[in-house]
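Here are my notes for you, as numbered points. Keep the sequence and the 3D view open while you read.

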Amino acid sequence: MKTHINLFGKPIDMTSRTRRRRFIVLFYSSFAALEAAAWFWSPNGNEATTVMLLFTFLLGPLLGGYLNRAQYVRSEDRGLVKPFAGNEILRRRRFKVSDPKEFRNDERELTRRDRAHYRAYGVLAGIITLALILYDPPVNHAIPVLTERRIVFALLQAGYLLAFTLPAAIIIWTEPDLEPDSEERPAAATLSSAR
Amino acid sequence: MPNGDANANGDKIFNRIAVLRAERGLSRQDLADALDVNYQTIGFLERSDYAPSLTLAFALSDYFGLPIEAIFSRQPFRPLSEQIYGSNGANSVPASKKEGPA
(Lines give C-alpha, C1' and ligand atoms only; values in the text may rest on other atoms or scores of the structure.)
Protein backbone atom coordinates (compact mmCIF):
# COMPACT_ATOMS: atom_id res chain seq x y z
CA MET A 1 0.00 0.00 0.00
CA LYS A 2 1.18 3.52 -0.71
CA THR A 3 1.97 5.79 2.21
CA HIS A 4 0.50 8.87 0.56
CA ILE A 5 -2.16 9.88 -1.88
CA ASN A 6 -2.13 12.67 -4.42
CA LEU A 7 -5.12 14.96 -4.25
CA PHE A 8 -5.08 17.72 -6.87
CA GLY A 9 -1.31 17.33 -7.15
CA LYS A 10 -0.75 17.67 -3.42
CA PRO A 11 0.62 14.60 -1.58
CA ILE A 12 -1.30 13.71 1.57
CA ASP A 13 0.33 11.47 4.14
CA MET A 14 -1.72 8.33 4.77
CA THR A 15 0.56 6.33 7.05
CA SER A 16 -1.82 6.72 9.98
CA ARG A 17 -4.64 4.20 10.07
CA THR A 18 -6.92 6.72 11.80
CA ARG A 19 -6.48 9.12 8.91
CA ARG A 20 -7.11 6.35 6.38
CA ARG A 21 -10.28 5.33 8.18
CA ARG A 22 -11.50 8.92 8.14
CA PHE A 23 -10.84 8.96 4.41
CA ILE A 24 -12.97 5.83 3.93
CA VAL A 25 -15.79 7.22 6.06
CA LEU A 26 -15.67 10.48 4.09
CA PHE A 27 -15.71 8.58 0.78
CA TYR A 28 -18.76 6.46 1.53
CA SER A 29 -20.67 9.10 3.50
CA SER A 30 -20.28 11.60 0.65
CA PHE A 31 -21.52 8.93 -1.75
CA ALA A 32 -24.54 8.24 0.48
CA ALA A 33 -25.31 11.94 0.86
CA LEU A 34 -24.99 12.71 -2.85
CA GLU A 35 -26.95 9.61 -3.80
CA ALA A 36 -29.79 10.54 -1.42
CA ALA A 37 -29.81 14.12 -2.74
CA ALA A 38 -29.85 12.85 -6.34
CA TRP A 39 -32.82 10.57 -5.65
CA PHE A 40 -34.64 13.39 -3.89
CA TRP A 41 -33.96 15.82 -6.72
CA SER A 42 -34.65 13.42 -9.58
CA PRO A 43 -36.95 10.51 -8.75
CA ASN A 44 -36.26 8.72 -12.05
CA GLY A 45 -32.76 7.83 -10.83
CA ASN A 46 -30.70 9.29 -13.69
CA GLU A 47 -28.75 11.67 -11.48
CA ALA A 48 -28.23 8.94 -8.88
CA THR A 49 -26.74 6.74 -11.61
CA THR A 50 -24.40 9.60 -12.53
CA VAL A 51 -23.28 9.87 -8.89
CA MET A 52 -22.67 6.12 -8.81
CA LEU A 53 -20.56 6.21 -11.98
CA LEU A 54 -18.65 9.27 -10.75
CA PHE A 55 -17.69 7.54 -7.54
CA THR A 56 -16.92 4.25 -9.27
CA PHE A 57 -14.72 5.49 -12.08
CA LEU A 58 -13.40 8.88 -10.97
CA LEU A 59 -13.18 8.72 -7.21
CA GLY A 60 -12.90 4.94 -6.77
CA PRO A 61 -9.29 4.90 -8.07
CA LEU A 62 -8.32 7.07 -5.08
CA LEU A 63 -8.69 3.89 -3.06
CA GLY A 64 -6.78 1.81 -5.62
CA GLY A 65 -7.26 -1.89 -6.27
CA TYR A 66 -9.40 -1.85 -9.37
CA LEU A 67 -8.07 0.76 -11.75
CA ASN A 68 -8.73 1.73 -15.29
CA ARG A 69 -5.92 1.36 -17.81
CA ALA A 70 -4.90 5.00 -17.83
CA GLN A 71 -4.09 4.79 -14.16
CA TYR A 72 -1.77 1.80 -14.40
CA VAL A 73 1.15 3.71 -15.83
CA ARG A 74 1.69 6.78 -13.65
CA SER A 75 2.31 5.79 -10.05
CA GLU A 76 1.24 9.19 -8.71
CA ASP A 77 -2.18 8.67 -10.27
CA ARG A 78 -2.78 5.38 -8.53
CA GLY A 79 -4.78 4.96 -5.37
CA LEU A 80 -3.57 3.75 -2.01
CA VAL A 81 -3.85 0.04 -2.69
CA LYS A 82 -1.69 -1.56 -5.37
CA PRO A 83 -3.51 -2.75 -8.49
CA PHE A 84 -5.16 -6.05 -7.68
CA ALA A 85 -4.17 -7.38 -11.09
CA GLY A 86 -0.62 -5.98 -10.80
CA ASN A 87 1.23 -9.30 -10.90
CA GLU A 88 -0.81 -10.57 -13.82
CA ILE A 89 -0.30 -7.36 -15.77
CA LEU A 90 3.44 -7.42 -15.13
CA ARG A 91 3.56 -11.03 -16.28
CA ARG A 92 1.77 -10.21 -19.50
CA ARG A 93 3.81 -7.00 -19.96
CA ARG A 94 0.88 -5.20 -21.48
CA PHE A 95 1.90 -1.93 -19.92
CA LYS A 96 5.27 -0.29 -19.67
CA VAL A 97 5.55 0.22 -15.95
CA SER A 98 8.32 2.39 -14.60
CA ASP A 99 8.24 0.97 -11.10
CA PRO A 100 7.46 -2.76 -11.17
CA LYS A 101 8.22 -3.18 -7.46
CA GLU A 102 5.55 -0.67 -6.54
CA PHE A 103 3.24 -2.45 -8.89
CA ARG A 104 3.77 -6.05 -7.85
CA ASN A 105 1.92 -7.48 -4.83
CA ASP A 106 4.11 -9.63 -2.64
CA GLU A 107 2.79 -12.69 -0.81
CA ARG A 108 1.50 -10.74 2.20
CA GLU A 109 -0.33 -8.26 -0.02
CA LEU A 110 -1.84 -11.09 -2.06
CA THR A 111 -3.10 -12.68 1.17
CA ARG A 112 -4.59 -9.34 2.24
CA ARG A 113 -6.16 -8.86 -1.18
CA ASP A 114 -7.81 -12.27 -1.18
CA ARG A 115 -9.07 -11.92 2.40
CA ALA A 116 -10.53 -8.48 1.61
CA HIS A 117 -12.39 -9.93 -1.38
CA TYR A 118 -13.77 -12.73 0.78
CA ARG A 119 -15.17 -10.20 3.25
CA ALA A 120 -16.47 -7.88 0.53
CA TYR A 121 -18.21 -10.79 -1.17
CA GLY A 122 -20.27 -11.39 1.99
CA VAL A 123 -21.37 -7.76 2.11
CA LEU A 124 -22.37 -7.82 -1.55
CA ALA A 125 -24.29 -11.06 -1.08
CA GLY A 126 -26.15 -9.38 1.79
CA ILE A 127 -27.03 -6.35 -0.32
CA ILE A 128 -28.32 -8.47 -3.21
CA THR A 129 -30.36 -10.61 -0.81
CA LEU A 130 -31.85 -7.51 0.84
CA ALA A 131 -32.68 -6.02 -2.56
CA LEU A 132 -34.43 -9.23 -3.64
CA ILE A 133 -36.41 -9.45 -0.40
CA LEU A 134 -37.50 -5.84 -0.66
CA TYR A 135 -38.37 -6.23 -4.33
CA ASP A 136 -40.64 -9.19 -3.77
CA PRO A 137 -41.00 -10.50 -0.21
CA PRO A 138 -41.00 -14.31 -0.32
CA VAL A 139 -43.42 -14.93 2.57
CA ASN A 140 -46.80 -14.16 1.11
CA HIS A 141 -46.53 -10.44 1.60
CA ALA A 142 -45.67 -10.72 5.28
CA ILE A 143 -43.49 -7.73 4.56
CA PRO A 144 -45.49 -5.12 2.71
CA VAL A 145 -44.33 -4.83 -0.88
CA LEU A 146 -42.49 -1.57 -1.36
CA THR A 147 -44.33 0.83 -3.51
CA GLU A 148 -41.04 2.69 -3.76
CA ARG A 149 -38.94 0.51 -6.06
CA ARG A 150 -36.39 3.26 -5.90
CA ILE A 151 -35.00 1.83 -2.67
CA VAL A 152 -34.20 -1.44 -4.44
CA PHE A 153 -32.57 0.42 -7.32
CA ALA A 154 -30.56 2.58 -4.88
CA LEU A 155 -29.41 -0.57 -3.06
CA LEU A 156 -28.22 -2.07 -6.35
CA GLN A 157 -26.40 1.17 -7.17
CA ALA A 158 -24.65 1.04 -3.81
CA GLY A 159 -23.82 -2.62 -4.47
CA TYR A 160 -22.29 -1.66 -7.83
CA LEU A 161 -20.02 0.92 -6.18
CA LEU A 162 -19.08 -1.46 -3.39
CA ALA A 163 -18.20 -4.22 -5.86
CA PHE A 164 -15.46 -1.98 -7.28
CA THR A 165 -14.30 -0.24 -4.12
CA LEU A 166 -15.01 -2.34 -1.04
CA PRO A 167 -12.03 -4.77 -1.23
CA ALA A 168 -9.61 -1.83 -1.42
CA ALA A 169 -11.53 0.00 1.32
CA ILE A 170 -11.26 -3.06 3.59
CA ILE A 171 -7.50 -3.21 3.07
CA ILE A 172 -7.13 0.51 3.77
CA TRP A 173 -9.32 0.19 6.85
CA THR A 174 -7.56 -2.84 8.35
CA GLU A 175 -3.91 -2.23 7.53
CA PRO A 176 -2.16 -0.99 10.69
CA ASP A 177 -0.12 2.21 10.85
CA LEU A 178 2.45 2.14 8.07
CA GLU A 179 6.10 2.94 8.33
CA PRO A 180 7.37 5.90 6.33
CA ASP A 181 9.00 5.29 2.95
CA SER A 182 12.48 6.30 4.04
CA GLU A 183 14.21 4.68 6.96
CA GLU A 184 17.63 5.20 8.47
CA ARG A 185 20.04 2.40 7.67
CA PRO A 186 21.26 0.99 11.00
CA ALA A 187 24.98 1.09 11.71
CA ALA A 188 26.38 -2.38 11.12
CA ALA A 189 27.38 -4.29 14.23
CA THR A 190 31.15 -4.32 14.52
CA LEU A 191 31.81 -7.18 16.89
CA SER A 192 29.67 -9.98 15.63
CA SER A 193 27.94 -11.29 12.62
CA ALA A 194 25.01 -13.65 12.64
CA ARG A 195 26.50 -15.72 9.88
CA MET B 1 4.36 -23.21 8.55
CA PRO B 2 1.22 -21.11 8.41
CA ASN B 3 1.08 -18.47 5.73
CA GLY B 4 -0.72 -15.24 6.48
CA ASP B 5 -1.76 -13.03 9.33
CA ALA B 6 -0.18 -14.74 12.32
CA ASN B 7 -2.54 -13.24 14.88
CA ALA B 8 -5.62 -14.11 12.87
CA ASN B 9 -4.50 -17.73 12.77
CA GLY B 10 -3.70 -17.67 16.48
CA ASP B 11 -0.30 -19.15 15.61
CA LYS B 12 2.57 -16.80 16.14
CA ILE B 13 5.95 -17.42 14.57
CA PHE B 14 8.79 -15.57 16.28
CA ASN B 15 11.91 -14.56 14.42
CA ARG B 16 15.27 -12.83 14.64
CA ILE B 17 15.03 -10.87 11.43
CA ALA B 18 15.34 -7.46 13.12
CA VAL B 19 18.53 -8.50 14.93
CA LEU B 20 20.07 -10.07 11.84
CA ARG B 21 19.21 -7.02 9.75
CA ALA B 22 20.69 -4.64 12.32
CA GLU B 23 23.87 -6.71 12.54
CA ARG B 24 24.39 -6.33 8.82
CA GLY B 25 23.50 -2.66 8.79
CA LEU B 26 20.64 -3.15 6.39
CA SER B 27 17.58 -0.97 6.09
CA ARG B 28 14.19 -2.61 5.65
CA GLN B 29 14.23 -1.41 2.06
CA ASP B 30 17.60 -3.12 1.43
CA LEU B 31 16.30 -6.42 2.76
CA ALA B 32 13.00 -6.01 0.92
CA ASP B 33 14.85 -5.39 -2.35
CA ALA B 34 16.99 -8.48 -1.82
CA LEU B 35 13.94 -10.65 -1.15
CA ASP B 36 11.70 -8.98 -3.73
CA VAL B 37 8.98 -8.01 -1.27
CA ASN B 38 7.48 -4.75 -0.09
CA TYR B 39 9.48 -3.05 2.68
CA GLN B 40 6.31 -2.88 4.78
CA THR B 41 6.25 -6.68 4.72
CA ILE B 42 9.67 -6.76 6.40
CA GLY B 43 8.20 -4.66 9.24
CA PHE B 44 5.27 -7.06 9.56
CA LEU B 45 7.67 -10.00 9.67
CA GLU B 46 9.89 -8.37 12.30
CA ARG B 47 6.91 -7.67 14.54
CA SER B 48 5.72 -11.26 14.04
CA ASP B 49 2.49 -9.89 12.64
CA TYR B 50 2.91 -11.98 9.53
CA ALA B 51 4.03 -15.58 9.16
CA PRO B 52 5.93 -16.01 5.89
CA SER B 53 5.45 -18.75 3.35
CA LEU B 54 8.08 -21.48 3.14
CA THR B 55 9.40 -19.83 -0.01
CA LEU B 56 10.04 -16.54 1.77
CA ALA B 57 11.41 -18.30 4.85
CA PHE B 58 13.92 -20.19 2.69
CA ALA B 59 14.80 -16.97 0.87
CA LEU B 60 15.57 -15.34 4.24
CA SER B 61 17.55 -18.40 5.29
CA ASP B 62 19.63 -18.26 2.10
CA TYR B 63 20.13 -14.53 2.38
CA PHE B 64 21.39 -14.61 5.96
CA GLY B 65 23.23 -17.91 5.47
CA LEU B 66 21.54 -19.45 8.49
CA PRO B 67 19.27 -22.45 8.96
CA ILE B 68 15.59 -21.66 9.17
CA GLU B 69 15.38 -22.71 12.83
CA ALA B 70 18.02 -20.09 13.66
CA ILE B 71 15.73 -17.39 12.24
CA PHE B 72 12.23 -18.64 13.07
CA SER B 73 10.80 -20.31 16.14
CA ARG B 74 7.39 -21.13 17.55
CA GLN B 75 8.63 -20.03 20.98
CA PRO B 76 10.00 -16.56 21.74
CA PHE B 77 13.77 -16.36 21.36
CA ARG B 78 15.81 -15.84 24.53
CA PRO B 79 17.71 -12.56 24.49
CA LEU B 80 21.30 -12.98 23.29
CA SER B 81 22.66 -11.54 26.55
CA GLU B 82 20.80 -14.22 28.45
CA GLN B 83 22.07 -16.94 26.15
CA ILE B 84 25.68 -15.81 26.52
CA TYR B 85 25.76 -14.76 30.17
CA GLY B 86 23.02 -16.96 31.60
CA SER B 87 19.93 -15.88 33.47
CA ASN B 88 21.83 -13.95 36.19
CA GLY B 89 22.60 -11.16 33.76
CA ALA B 90 25.63 -8.91 33.90
CA ASN B 91 27.03 -10.27 37.19
CA SER B 92 27.57 -13.76 35.88
CA VAL B 93 30.60 -15.02 34.00
CA PRO B 94 30.25 -15.87 30.28
CA ALA B 95 29.95 -19.59 29.68
CA SER B 96 33.09 -19.59 27.51
CA LYS B 97 35.21 -18.19 30.37
CA LYS B 98 33.84 -20.72 32.83
CA GLU B 99 34.95 -23.56 30.62
CA GLY B 100 38.33 -22.04 29.86
CA PRO B 101 41.58 -22.65 31.74
CA ALA B 102 41.85 -21.25 35.31
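1. Let's start with the surface of chain B. Its accessible surface is about 5400 Å², and 52% of that belongs to carbon and sulfur atoms. Chain A exposes about 11700 Å², with carbon and sulfur atoms supplying 62%. Accessible areas are computed by the Shrake-Rupley method with a 1.4 Å probe, and for residues only the protein chains shown count as cover.

2. Before going on, some ground rules. This is a predicted model, in which local features need pLDDT of at least 70 and side-chain atom pairs count only at pLDDT 80 or more, while totals for chains, interfaces and linings use all residues. Residues are numbered from 1 along each chain as its sequence is written, chains are lettered from A and ligands numbered from 1 in the order in which they are written, and side-chain values use heavy atoms, with hydrogens and water left out.

3. For chain B the average pLDDT (the predictor's confidence in each residue, from 0 to 100) is 80, and 75% of the residues score at least 70. Contact here means heavy atoms within 4.5 Å.

4. Now the secondary structure. Helices (H or I, at least four residues) and strands (E, at least two) are DSSP runs, numbered from the N terminus. Chain A has 7 helices and 2 strands, and along its sequence the pattern reads β-β-α-α-α-α-α-α-α. Chain B comes to 8 helices and 4 strands, running β-α-β-α-α-α-β-α-α-β-α-α from the N terminus on.

5. What share of each chain counts as buried? Chain A has 195 residues, and 40% of them are buried; chain B has 102, and 42% of them are buried. The cut-offs are under 20% relative accessible area for buried, over 50% for exposed, and partly exposed in between (1.4 Å probe, protein chains only). Have a look at the contacts too, counting those with a separation of 6 or more: residues 24 or more positions apart account for 60% of them in chain A and for 59% in chain B.

6. You'll find Leu56(B) in helix α5 (residues 54-64) of chain B, and it counts as buried because its relative accessibility is 5%. Leaving out residues up to four places away in sequence, Leu56(B) touches Glu107(A), Leu35(B), Val37(B) and Leu45(B). Phe77(B) is 21 residues from Leu56(B) along the chain, and their C-alpha atoms are separated by 20 Å.

7. Glu109(A) sits in helix α6 (residues 107-135) of chain A and Lys82(A) in the loop between α3 (70-73) and α4 (86-92), so the pair ties together parts that are 27 residues apart in sequence. Both residues, Glu109(A) and Lys82(A), are buried.

8. Between Glu23(B) and Arg24(B) the closest N and O atoms are 3.9 Å apart, and Glu23(B) counts as buried at 14% relative accessibility. For Asp49(B) and Arg47(B) that distance is 3.3 Å. Asp49(B), at 22% relative accessibility, is partly exposed, and so is Arg47(B), at 34%. A network of salt bridges links Glu179(A), Arg21(B), Arg28(B), Glu46(B), Arg47(B) and Asp49(B).

9. About 610 Å² of it is made by Leu53(A), Leu54(A), Phe57(A), Leu58(A), Tyr66(A), Tyr160(A) and Phe164(A). Patches are made of residues with over 30% relative accessible area and no salt bridge; like charges are joined within 9 Å, and nonpolar side chains (Val, Leu, Ile, Met, Phe, Trp, Tyr) within 5 Å. Which helix gives the most to the nonpolar patch? That's α2(A), with 4 residues. Both α2 (46-59) and α7 (150-174) of chain A supply at least two residues each. Leu58(A) belongs to helix α2 of chain A and counts as exposed because its relative accessibility is 58%.

How values were computed. Salt bridge = Lys/Arg side-chain N within 4 Å of Asp/Glu carboxyl O.
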